[in-house]
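Subject: Structure handover

Hi,

Here is the structure I promised to pass on. My notes follow below it.

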Amino acid sequence: MGRHGCHPISPHVPPFPPFWGQIWQFGEWLDVVVDDLLPTRDGRLLFVHSAEGSEFWSALLEKAYAKVNGCYEALAGGSTAEGFEDFTGGVTESFDLRRPPRGLFGIVLEALERGSLLGCSIDITSARDMEAVTFRQLVKGHAYSVTGARQVPFRGQTLPLVRVRNPWGEVEWTGPWSDSSAEWAAVEPALRQQLLVKMEDGEFWMAFPDFLREFTRLEICNLTPDALQSRRFRAWNTQLLEGSWRRGSTAGGCRNFPATFWINPQFKIRLEEVDDGDGDGDGERGCSFLLALMQKHRRRERRYGKDMETIGFAVYEVPPELVGQSGLHLKREFFLANASRARSEQFINLREVSARLRLPPGEYLVVPSTFEPDREADFVLRVFSEKRAGTEEMDDGIQATLPDEKVLSEGEIDENFKQLFKQLAGPWLQFTMFA
């Protein structure tokens with residue numbers, strides 16, 4: 001076994017001043033300060049490192065991220081979306097490639113043009129699948145990034161290609177359009193030279209149909225919540241709501257538990273203006289908004305045996321007789337008699353679930369929940385709306401009618417009460433109370 005320790009970036013110079021940066025966490029940017037003592041083994045960086053021996057920014061950023069989450073161990077596993085959002089403050093949408101939306105290649109092109117971050121992965125079905133390598137040299141459960149997309153003339157047709165990168169820097173796709181495949185011979189030489197770089201750098205091209213067949217999930221982090229199908233930028237309104245699920249009071253579980261579902265936190269959204277027409281192509285007029293539900297501090301709490309809860313949300317239309325009222329918390333009978341107007345695609349044990357929705361103007365109720373009742377967690381709900389919208393937490397008003405407090409003189413205090421107080425309080429407190 002080699003020697004473990006923490007060593008400064010260079011042993012030949014005094015330690016650098018602290019490094020300062022910002023990391024986004026649950027709606028706010030946190031200032032994070034770290035020193036240059038980095039974990040090493042036999043004099044080499046133990047975790048993230050660069051191929052260049054004099055480059056340390058990635059290890060310093062990793063240390064700052066570990067500090068925010070409690071320790072290095074807390075960074076193990078997780079999803080691409082978490083890193084995307086924590087380093088950009090953006091909002092991530094996830095696409096199931098087994099059921100891809102229409103025009104997904106155009107969405108990828110638009111995302112890359114706007115500077116969005118794209119990640120993809122192959123789902124695993126058991127722990128044995130983790131980092132297993134497929135026949136075509138793709139790694140299951142591994143986070144890949146999508147770095148490019150191009151329409152390429154090929155044998156009289158136009159073929160969509162995507163460029164994918166394995167952060168390991170090795171183990172590349174060996175199927176069609178890989179670095180050494182015969183397909184490149186049919187591409188015009190100048191374009192081939194522009195696109196193809198034959199080296200074991202972890203980056204490779206795939207035909208888009210192969211990409212859809214081999215990978216199972218695509219995540220796109222947008223620095224603004226603009227719809228990727230839209231051809232223009234909008235000025236979005238952003239609102240952040242905070243809440244918690246607590247056993248016995250606000251942790252009611254999902255709609256499968258009708259007896260307790262209604263006790264979950266409830267938030268009202270007021271959609272006031274329809275979208276501007278911009279050629280999104282579905283012909284439906286309504287109010288566009290994006291909901292993103294994120295559970296808080298689950299990585300930091302791993303040391304206490306906690307992990308991600310399975311979370312999701314449902315959206316209900318506020319009944320006409322209650323429109324405009326504040327401070328209400330709808331009861332069990334409402335949810336038994338009314339179906340949701342929209343909901344998250346699924347309940348899933350990720351830090352965040354999101355959905356892009358469009359509904360007619362009006363008032364709607366968002367009910368975030370864990371899948372099972374009595375599961376405790378804190379959360380934030382982000383609401384992005386294209387047009388003006390309002391939000392508020394729905395809850396019963398808390399009030400009590402208390403009698404006026406009467407101040408008694410010492411002579412009016414019951415003598416039995418004085419004796420009991422002296423027995424329990426001790427001599428010092430007796431002196432201060434009855435001096």
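Val34 is buried, as its relative accessible area is 7%. Buried means under 20%, exposed means over 50%, and partly exposed lies in between (1.4 Å probe, protein chains only). Val34 sits in strand β3 (residues 28–34). Strands (E, at least two residues) and helices (H or I, at least four) are DSSP runs, numbered from the N terminus. Pro18 and Val34 are 16 residues apart in sequence, yet their C-alpha atoms are 5.5 Å apart in space. Beyond neighbours within four places in sequence, Val34 is in contact (heavy atoms within 4.5 Å) with Pro18, Phe19, Leu60, Lys63, Ala64 and Lys67.

Two notes on the source. This is a predicted model, where local features need pLDDT of at least 70 and side-chain atom pairs count only at pLDDT 80 or more, while totals for chains, interfaces and linings use all residues. Residues are numbered from 1 along each chain as its sequence is written, and side-chain values use heavy atoms, with hydrogens and water left out.

Now the overall numbers. The protein chain has eight helices and 20 strands. It has 435 residues, and 42% of them count as buried. Among contacts with a separation of 6 or more, 75% are between residues 24 or more positions apart. The accessible surface of the protein chain is about 24200 Å², and carbon and sulfur atoms hold 53% of that. Areas come from the Shrake-Rupley method with a 1.4 Å probe; for residues, only the protein chains shown count as cover.

Next, a sheet with six strands. The sheet is open, its order is β6-β11-β7-β8-β9-β10, and the pairing is antiparallel. Its edge strands are β6 (91–96) and β10 (203–207), each pairing on one side only. Neighbouring strands are turned by 35° against each other on average, direction ignored. Two strands pair if DSSP finds at least two bridges between them. Six bridges link β6 with β11 (residues 217–222). There, Cys221 of β11 stands opposite Thr92.

Axes are lines fitted to C-alpha atoms, for helices over the stretch in contact, and angles run from 0 to 180 degrees between N-to-C directions.

There is also an open sheet of four strands, in the order β12-β19-β14-β17, again with antiparallel pairing. Here the edge strands are β12 (237–245) and β17 (352–359). The twist averages 20° from one strand to the next. Seven bridges hold the pairing of β14 (residues 287–295) with β19 (residues 377–385). Phe384 in β19 stands opposite Leu290.

How much of strand β15 is buried? Six of its seven residues (311–317) are, so β15 is largely enclosed by the rest of the structure. β15 runs antiparallel to β18 (residues 362–370), joined by seven bridges. Ala314 has Val367 as its bridge partner in β18. Two bridges join β15 to β16 (residues 342–343), also antiparallel. Val315 stands opposite Ala342 there.

Last, the surface. Phe47 lies in the loop between β5 (44–45) and α1 (57–69). Phe47 is partly exposed, with a relative accessible area of 36%. Together with Leu46 and Val48, Phe47 forms a nonpolar surface patch of about 220 Å² of accessible area. Patch residues have over 30% relative accessible area and no salt bridge; like charges are joined within 9 Å, and nonpolar side chains (Val, Leu, Ile, Met, Phe, Trp, Tyr) within 5 Å. A salt bridge is a side-chain nitrogen of Lys or Arg within 4 Å of a carboxyl oxygen of Asp or Glu.

Best wishes
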